[in-house]
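Trainee: I would like to learn how to read a structure like this one. Please take me through it feature by feature.

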Amino acid sequence: MRYIPNSPEERAEMLRAIGCTTIEDLFRPIPEKFRLREPLRLPSARSEAELLAFFRELAARNAAATEYAVFLGAGAYHHFIPSVVEALISRAEFFTVYTPYQPEIAQGTLQALFEYQTLICQLTGMEVANASLYDGSTALAEAVLMAERLTHRREILMARSVHPEYREVVRTYTRTLGLSVRLMDYDPETGGLQARAVTPSAETAAVIVQSPNFFGVIEDLEAIAARAHEVGALCIVVITEPISLGLLRPPGELGADIVVGEGQSFGIPISFGGPYLGVFATRERFVRQMPGRIVGQTFDSRGRRGFVMTLATREQYIRREKATSNICTSQELCAIMATIYLSTMGPRGLRDVAEQNAQKAAYLAREIARQSGFRLRFCGSHFNEFVVHSEHPVALVLEKLRERKILGGLPLERYYPELRECFLVCVTEVIPRSAIETYLRVLDEL
Amino acid sequence: MTVTPCHVTREEGLIFERSRPGRTAYSLPPLDVPTVPVETWIESRFLRADQLAGLPEVSEVDVIRHFTRLSRWNYAVDLGMYPLGSCTMKYNPKLNERVARLEGFAQHHPLTPEELSQGSLEVLKTLEDLLCEITGMAAGCLQPAAGAHGELTGLLLIRACLEARGDARQKVLIPDSAHGTNPASAAICGYRVQTIPSTERGLIDLEALRRAADSEVAALMLTNPNTLGLFEEEIEEIVRIVHEAGGLVYMDGANMNALVGIARPGDMGVDVIHLNVHKTFSTPHGGGGPGAGPVLVTSELEPFLPVPRIVRRPDGTLALDYDRPRSIGRMRAFYGNFGVLVRGLSYILTMGPEGLREVAETAVLNANYLAHQLKDTYEIAYPGPVMHEVVFSDKRQRAYGVRNVDIAKRLIDYGFHPPTMSFPLIVSGALMIEPTETEGREELDLFIAAMKAIDRECRENPELVRTAPHQTRLGRLDEVSAARRPVLRWRSEASSAPSGSPSEERVASPEP
């Protein structure tokens, strides 16, 4: 086997050296009755060429963005990834390493993560960030648990316009702990959350709002956070499309206590839903209740700057059942990808790409609204996603688009039964004008 | 303070310190749609006013040099042996990287209609089926993003199953040799943790288990082989005790590398197991993730698995089934760390059944070889035939004032990554070594020679060991002051802390 260096002779010599006659001797501690007598029923070993052909055939069965113009967003976004990102993270020194427990031989990972934490703070306007969680949805669940630890309150108030799958994850995490989750409805005109719909009580640990929300609508975070703070609840802001931060005011300026989100847009392939990047940032005074790995600056025995994992007394390998989270392995390589992406884009690049997303989405939205049989469902400000209401059956519209190699959007009925006639459309910078014009022609022909 | 001049590539600053106004590294095509000012549809009070000040302004060359230089300060599996116990740092095949990067996978949106997602769904379904065969379980879920996430999923499944039996319970039993994630996961599920001691042989104390296994026991969380590298020989009796008490058996599959193709947890009566694809199935660990922690269960637990489930329709096509009324719900958005899972499948199909068996055989042979060659030099806390890893202690070297951490740091000078030291907690001064099957005899002999040389140094020149490493760019780092006065982000010299926030020097309080 090509991944096993020992030759048959070396193997035999090693067995002799330890006083065994057969390999089977090594497994004596396993009761005889449990030792397999037959090989596992798995496909037989395949060569590299056969395997590549097998996976190429499978990959070709997917409608990927190389073949289709994809107007799907909803928590996963097609953005252009600069070539430097893959070139750099493909270095074995980044991807074949473990969690940096030995800082003297892990400064590359540690410094990159310190830079990542800084970038997340700059973008969100928060004071501290961790070195990543699994994804946006689990980052939100961890934020809820943190809010409970900080406030000792048992109720969560969550907007219905938070990504439906994120809401499901929050429910899974909170149900066994007995936390109750109360939902706040969106305004049927704007698609946003009205401040007066935010009704926390003295039992509310946190108010959760997403911006831009699942409908793409930008929320009035300042007013919503103020409502939370009136009763001493925390305001958790969710961001599933962080490219929006190139254009929008950071939640840290608007009263957010915890900002969580999905960092996939920052240079990470869309890859059928993962691996992605859980972003988590908060206020400095809450740092000792923050979950996940944190990298801090320090100095070595000769006074030179270096970086280490720090505040470990929050973590499971020190505190066991009293830890702030059970998380161990998270998504550090994805955090490094985001660091490389953001360093490459810089302030102007991020601003430009955000502007392109907004302009392209706005153009398609304006033009769709002019088509007979179609209108924008919500009037609130949007970034790169918006909801279309159709007089034609949604399935038919999307089918017609698909015939022209366009994945035109996400039907909303499964998530919001009242939006049966609606679908969510996303436009990013990778969608060319020609695809937008084709899209409009298809609608026109209906 | 005078600083000795150092080669520029060894003194790379932060990316922010490289920033110069006007440098750029990005390129975008010109905007090709008619534009209107953003303020006409986004209220201006929602717009950012700070121009993203502080983000680095660098060229593409700066980016490449910066991160390439940083990467050279890391030790990696591709450079040499990385014997972190219970972490299974084996070689990460390059083929799998190529497979995961195929555009049909990498550019496939997770909300693409099912009929246009058959390739990715086939990857997931095939992997789920193969993992069931490897573990001897009935069904599985690939959503969990890492081992600890799998533990949480597994315990939630156990809770749901017991509630369905009308017998919700309060506590989870965990051996004292367990990894820290086990008790932390149990706590998130609302369970009380009761620790089960180990015997002097390092195995679970059956008498203590019997006493603890009362009507409140929801589950036993068992790592097998355990973190001492020992197989729990009484597994059949352990399972019987827990089942008779009405509890379920959760197996932490972190150490599955010792068992693949040799024995199956399902055959031993385990009810739930998680696997670490980033350990046993060779996917790169990435400096702390991404991983994948699939959970496999018995048929009794299958109805509770997270949504969506991947199901095969009568016509052979695959679909996502959300209509699962008894499900514990969703563990994360979408379907799991697909990019990691596809690499894992590629690995399993490369190995085949004989190859996987050879993995376990070689991993166990390598660990026993190390144990045999070093047992006269370093104390083995719990002697016995080991499986895939061996735990030494610093007991003999402590006589010279040298601790496990010193030995670990000195190993760096010899060109090896140090072993695991933070657990098992029942071994004082632990050095937990897992060579994996992807080290050959030559590398193992070099490692053995290094360990013996360090032992000599402990006796002849302990100060040399205590102050190691000596060959790295930086010396030992002060982790205590890093935690006492946390500096968790860079700030420009010009900018101060934002108004209203405490300074970086102040230790944050735990409560608002």
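Mentor: Domain bounds come from an automatic or database domain assignment. For chain B, that assignment gives domain 1 (8-71), domain 2 (95-349) and domain 3 (360-466). This is a predicted model, in which local features need pLDDT of at least 70, side-chain atom pairs count only at pLDDT 80 or more, and totals for chains, interfaces and linings use all residues. Residues are numbered from 1 along each chain as its sequence is written, with chains lettered from A and ligands numbered from 1 in the order in which they are written.

Trainee: How many residues of chain B are in contact with chain A?

Mentor: Two residues are in contact if their C-beta atoms, placed from the backbone, lie within 7 Å. Here 180 residues of chain B contact 170 residues of chain A. Helix α10 (residues 338-374) of chain B gives the most to that side of chain B, with 22 residues; helices are DSSP runs of H or I, at least four residues, and strands runs of E, at least two, numbered from the N terminus.

Trainee: In what order do the strands of the open sheet in chain A lie?

Mentor: Strands of a sheet pair through backbone hydrogen bonds, either parallel or antiparallel. Two strands pair if DSSP finds at least two bridges between them. In chain A the order is β11-β12-β15-β14, with antiparallel pairing. The edge strands, β11 (374-376) and β14 (410-411) of chain A, each pair on one side only. β11(A) joins β12 (residues 385-390) of chain A over three bridges, and A:R375 has A:H389 in β12(A) as its bridge partner.
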